[in-house]
Amino acid sequence: MKDQTILFHSTIFGPIHSRRLGVSLGVNLMPSDGKICSFDCLYCEAGFNAQGAGKAGLPSRGKVAGDLDAKLSAMRQAGDPLDVITFSGNGEPTLHPEFPAIVDDVIRLRDKYYPEAKISVLSNSTRIFDPAVADALRRVDNNILKLDSAIEETMRVIDRPNSPEFTVERVVESLRQFEGQAIIQTMLLRGEHNGVTIDNTTPREIEALISAYRDIRPREVMIYSIDRSTPEEKLQKVAREELEQIAAQIAAAGIPVQPF
């Protein structure tokens, strides 16, 4: 396993080109010198949680708004394009205690500078059980929530949730609350971790995912595979052709899906 560390050393980063979202300006609500997450995914490009939370602490609501205001103003004056403002970064953004209020600030600043841009949140779904967080997620354009496997054992191997109370059954039930507003994001991969074989592309896995998607009734499903280096080096990318074949199976079940 690789001693991979965090990627983003500021509260606002980019813009970068996202293969899923277009020209994206990132909002990192986690420390600039460490990682805090309620999952410890084998594939996380920011590395494992063992690297620690650092010493900077979480950025304040005021700092997030101030930094974003300055960046959007500069981009607008320069005539730079912007498709989306994305909550992402060094961990799970919904863990920030002021997440709902920060969402409102970002909406206000988006409307001021780039009203045509979308707001996206990339979340691992662990905080959707909090009504205030769920309400905030309903206010953004792209509420993108993770479901990497609908089989408990596989989910625990790949995502490694911190809480034993986080289960596939519970999260699928709670994802239904978004009533067609959620976008479900699924990372497909194969490999090995600590001698355990991993493959969430088997017929059993895909059938379980399709059943969960039907239950959730998302606006869309995004399936994708590894695009950058991962802290667990024994992971394998699923080829584009195979992603398209799996997407066809999902679409045949009447579920809107895009492979990336």
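This is a predicted model: local features need pLDDT of at least 70, side-chain atom pairs count only at pLDDT 80 or more; totals for chains, interfaces and linings use all residues.
At what angle do helix 6 and helix 7 pack, and how far apart are their axes?

Helix 6 covers residues 203-216 and helix 7 covers residues 240-252. They pack at an angle of about 40°, and their axes are 10 Å apart. The two helices are therefore oblique to each other. As for handedness, helix 6 passes helix 7 in a right-handed crossing. On the helix 6 side, the contact is made by Ile 206, Ile 210 and Tyr 213. On the helix 7 side, Ile 246, Gln 249 and Ile 250 take part. By class, this contact has five nonpolar residues, one polar residue and no charged ones.

Next, helix 1 and helix 2. Helix 1 is residues 61-78, and it packs with helix 2 at an angle of about 15°, with the axes 10 Å apart. That makes helix 1 and helix 2 roughly parallel to each other, because angles under 35 degrees count as such. Their crossing is right-handed. In this contact, the residues of helix 1 are Arg 61, Val 64, Ala 65, Leu 68, Asp 69, Leu 72, Ser 73 and Arg 76. They meet residues of helix 2, among them Ala 101, Ile 102, Asp 105, Val 106 and Arg 110. The contact of helix 1 with helix 2 divides into nine nonpolar, one polar and six charged residues.

Helix 2, residues 99-113, also packs with helix 3, residues 131-138. Here the angle is about 15° and the axes are 9 Å apart. Helix 2 and helix 3 are therefore roughly parallel to each other, and their crossing is left-handed.

The structure holds 19 salt bridges. In one of them, the side chains of Asp 141 and Arg 110 meet at 2.9 Å, N to O. Arg 110 is in helix 2, while Asp 141 lies in the loop between helix 3 and strand 5, so the pair ties together parts that are 31 residues apart in sequence.

Strands of a sheet pair through backbone hydrogen bonds, either parallel or antiparallel. Which sense do we find in the open sheet of three strands? Its order is 8-7-10, and the pairing is antiparallel. Strand 8, residues 196-199, and strand 10, residues 235-237, are the edge strands, each pairing on one side only. On average, neighbouring strands of this sheet are turned by 10° against each other, direction ignored. Strand 7, residues 189-193, pairs with strand 8 over four bridges. His 193 has Val 196 of strand 8 as its bridge partner.

Last, strand 1, residues 12-18, and strand 2, residues 22-28. These two pair in the antiparallel sense over five bridges. A hairpin of three residues joins strand 1 to strand 2, and Ile 12 stands opposite Val 27 of strand 2.

Conventions:
Residues are numbered from 1 along each chain as its sequence is written. Side-chain values use heavy atoms; hydrogens and water are left out. Axes are lines fitted to C-alpha atoms, for helices over the stretch in contact, and angles run from 0 to 180 degrees between N-to-C directions. Angles under 35 degrees count as roughly parallel, over 145 as roughly antiparallel, 65 to 115 as roughly perpendicular and the rest as oblique. A crossing is left-handed if the near helix is turned anticlockwise from the far one by less than a right angle, and right-handed if clockwise. Contact means heavy atoms within 4.5 Å. Ala, Val, Leu, Ile, Met, Phe, Trp, Tyr, Cys and Pro count as nonpolar, Asp, Glu, Lys and Arg as charged, and the others, Gly among them, as polar. Two strands pair if DSSP finds at least two bridges between them. A salt bridge is a side-chain nitrogen of Lys or Arg within 4 Å of a carboxyl oxygen of Asp or Glu.
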